[in-house]
Amino acid sequence: MAKPFYITTPIYYVNDVPHIGHAYTTIAADVLTRFHRMAGREAFSLTGTDEHGTKVAEAARKAGLTPQEFCDRIVEKFKVVWKNLDIDNSYFIRTTSPRHEAGVRKLLAVLNEAKTDDGQDVIYSDYYEGLYCTGCEKFITEKDLVDGVCPDHKTAPEKLREKNYFFRLTAFTDRLRKLIESNELRILPEERRREVLGLLKQDLPDFSISRERVEWGVKLPFDEDQITYVWIDALLNYITAIGYGDDASSFKKWWQSSESVHLMAKDILKFHCLYWPAMLMAAGEKLPDTMFLHGFFTVDGEKMSKTLGNQIDPNGMVEEFGPDGARYLLLTQYPFGVDGDIQAKRFVQQYNSDLANDLGNLVSRVGKMVVVNFEGKLPPPHEGIEGLDDLMKQTEALPGLVYEHIKKFRLSHAINDAIGLVRASNKFFNDTAPWKLAKAGKTEELGGILYACCEVIRIVATLLYPVMPRKMAEIRAVFGLDDSTLTLDHARKFFELPQGTPVKIDEAIFPRFDAKKKAAKTSEKTQPSEDDNLLDISEFGKVKLRVAQVVKAERVEGADKLLKLQIDLGSEKRQIVAGIAEHYSAEDITDKKVLVVANLKPAVIRGVESNGMLLAAKKGKKLFVLTPDGDLPPGAKVS
Ligand code: ME8
């Protein structure tokens, strides 16, 4: 039985709002977690926020809030974005939580008692003098500066001299090097391992674990005048979150007996690959098994930064492409592990080609042919079809290949191989031309082609489930499959779908994205009640207009123009967001009968889901909601 799998993301600083850099690592961790679970392992995934230190205190001061108020506000943004992206983390750790703070103090007390092999104290106090960059939250040297300023933050560092407590790193570097060389501590990819081994060849100084002047942080248990250095505080989250200091059985399971992986980008290598394992060694704790340091990406060729204003909001990506589209697009821009560039302008084209055309089309044309030609019942398999053996071989090999990629953190390879099979299946479909067989009444051969394609779809949808959980569940539902068969084992076998399985397909799984639709969606987002979404007369018949009764109304937090309405449509209740708050109060609109467009795709407006659109008319600047004349019941058709 494989060990439980424990994976962590970095905990993100709350002085910045979530961007696609954070999303990239967190989605990757989520995919790995879901995949290992599918392979039958127990898995725990951790993410959270890094809330202490000068940087956060400074951001809070600028926002006119106490640090805690500021953290409480920003942390919600992280929680919301993870929810929007369908991140299924097992726990969310905040470094300002009492649980974490208690764990930090406990481990620091242990370190303070610890001795090195030659009997010296692991922790000692000394004076430190140096240049400190608040942006980096670290001391930097003259040679790090460019024109006298920190190259990352463009600010001049401060000169600081203060009493600090130090960790005797020098006493642990030899052991650490041996553990990395022997791969007992696996550092991946290889380039990063070499980088760490290179650092270990240099004369690494001891590092300081406390600050004298900082106020916002955890007090040292052995000197209450000193605050734990924010990086030391942050690293400890990986164990406080799973019970270090307060839940021995959870800690035993998820740290001592699990396979643990720290996932991050290469920017925070030194803290994770040198300081963290050395601290664990000194405290007599097990080391993590693997550090995976993926690449750092630029956006459209530029470094992503708040100042440049080129940070991409993952919520916006979810609005455009749905959670699954956003997850897929982020992970497939460049190979996982190396540096890359994210080109947002390619998203629409790639979404259309991989998801709408290749995968979505395969599902809909195969599904529809089963519905039309076999009354929606899966036909039996059939042998001897040209190209079938090759397709089956490729399909049967895929789960093993994908799992190997996943074990080696080759996420983009795993996804590309699965999409490669989709393409091979589309080719098989085109080459065998089943529509011709249908015309010619060659039912057995036709059925065999459709059966094989359905099996490919089932297997691909299972293997890609960790990447696109919602859409793959939708595809699996075409064959009536639920989570009970969501296992790698079920994907490993061909001929799992019995003949006669009902096949139901209603709408395109990945509707094509076009510029027109995008423009319409944008105007809907910014002005949900504006009447500028003109339709052709021929298109009008497609619009489903209904009478609805407003059951409840409330303002959308942070949006002056928006009301969130719960409406009764007779056969169902729905939520819609309407841009009427400047004209109607929640009380004004509650209980009113209104007219709505009832067949719009769900949209997310200011983070709130809207399933329809309210009709209203304008006179000058005043807006009037349209109401039916006469006592019509909710759900009545408007024509
Ligand atoms: O460093 N490309 O937090 P942070 C790839 N609080 N990944 C990126 C990225 C990019 N352009 N930008 C950000 C901290 N990331 C500390 C961590 S852990 C004990 C403390 C991701 O908010 C990537 O995972 O600056 C990177 O390591 C992390 O965000 C840095 O997040």
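**Overall architecture and local features of the predicted model**

In the protein chain, 74% of the contacts with a separation of 6 or more are made by residues 24 or more positions apart. The structure described here is a predicted model. Its secondary structure comprises 21 helices and 25 strands.

The overall dimensions were examined next. Along the principal axes, the C-alpha atoms of the protein chain fill a box of roughly 85 × 70 × 50 Å. The radius of gyration is 29 Å, which agrees with the value near 26 Å that a compact globule of 639 residues would have. Of the 639 residues, 54% count as buried. The accessible surface of the protein chain comes to about 29,200 Å², and carbon and sulfur atoms account for 50% of that area. As for charge, the protein chain carries 87 positive and 93 negative side chains, with the centres of the two sets 3 Å apart.

When residues up to four places away in sequence are not counted, Leu464 touches Leu359, Ile415, Ala418, Ile419 and Met472.

Several backbone features occur in loops. Leucine 188 and proline 189 are joined by a cis peptide bond, for which omega is about -10 degrees. Proline 189 is placed in the loop between strand β7 (186-188) and helix α6 (190-201).

Positive phi values are found in two residues that are not glycine, aspartate 86 and phenylalanine 409. For aspartate 86, phi is near 60 degrees. This residue is located in the loop between helix α3 (67-84) and strand β3 (91-94). Because its relative accessibility is 16%, under the 20% cut-off, aspartate 86 counts as buried.

For phenylalanine 409, phi is about 65 degrees. The loop that holds phenylalanine 409 runs between helices α13 (388-407) and α14 (411-432). Phenylalanine 409 likewise counts as buried, because its relative accessibility is 3%.

Technical notes: Residues are numbered from 1 along each chain as its sequence is written. This is a predicted model: local features need pLDDT of at least 70, side-chain atom pairs count only at pLDDT 80 or more; totals for chains, interfaces and linings use all residues. Side-chain values use heavy atoms; hydrogens and water are left out. Helices (H or I, at least four residues) and strands (E, at least two) are DSSP runs, numbered from the N terminus. The radius of gyration is taken over C-alpha atoms; the globule rule is 2.2 Å times the number of residues to the power 0.38. Buried means under 20% relative accessible area, exposed over 50%, partly exposed in between (1.4 Å probe, protein chains only). Contact means heavy atoms within 4.5 Å. Accessible areas come from the Shrake-Rupley method with a 1.4 Å probe; for residues, only the protein chains shown count as cover. Lys and Arg count as positive and Asp and Glu as negative; His and the chain ends are not counted. The place of a charge is taken as NZ of Lys, CZ of Arg, CG of Asp or CD of Glu.
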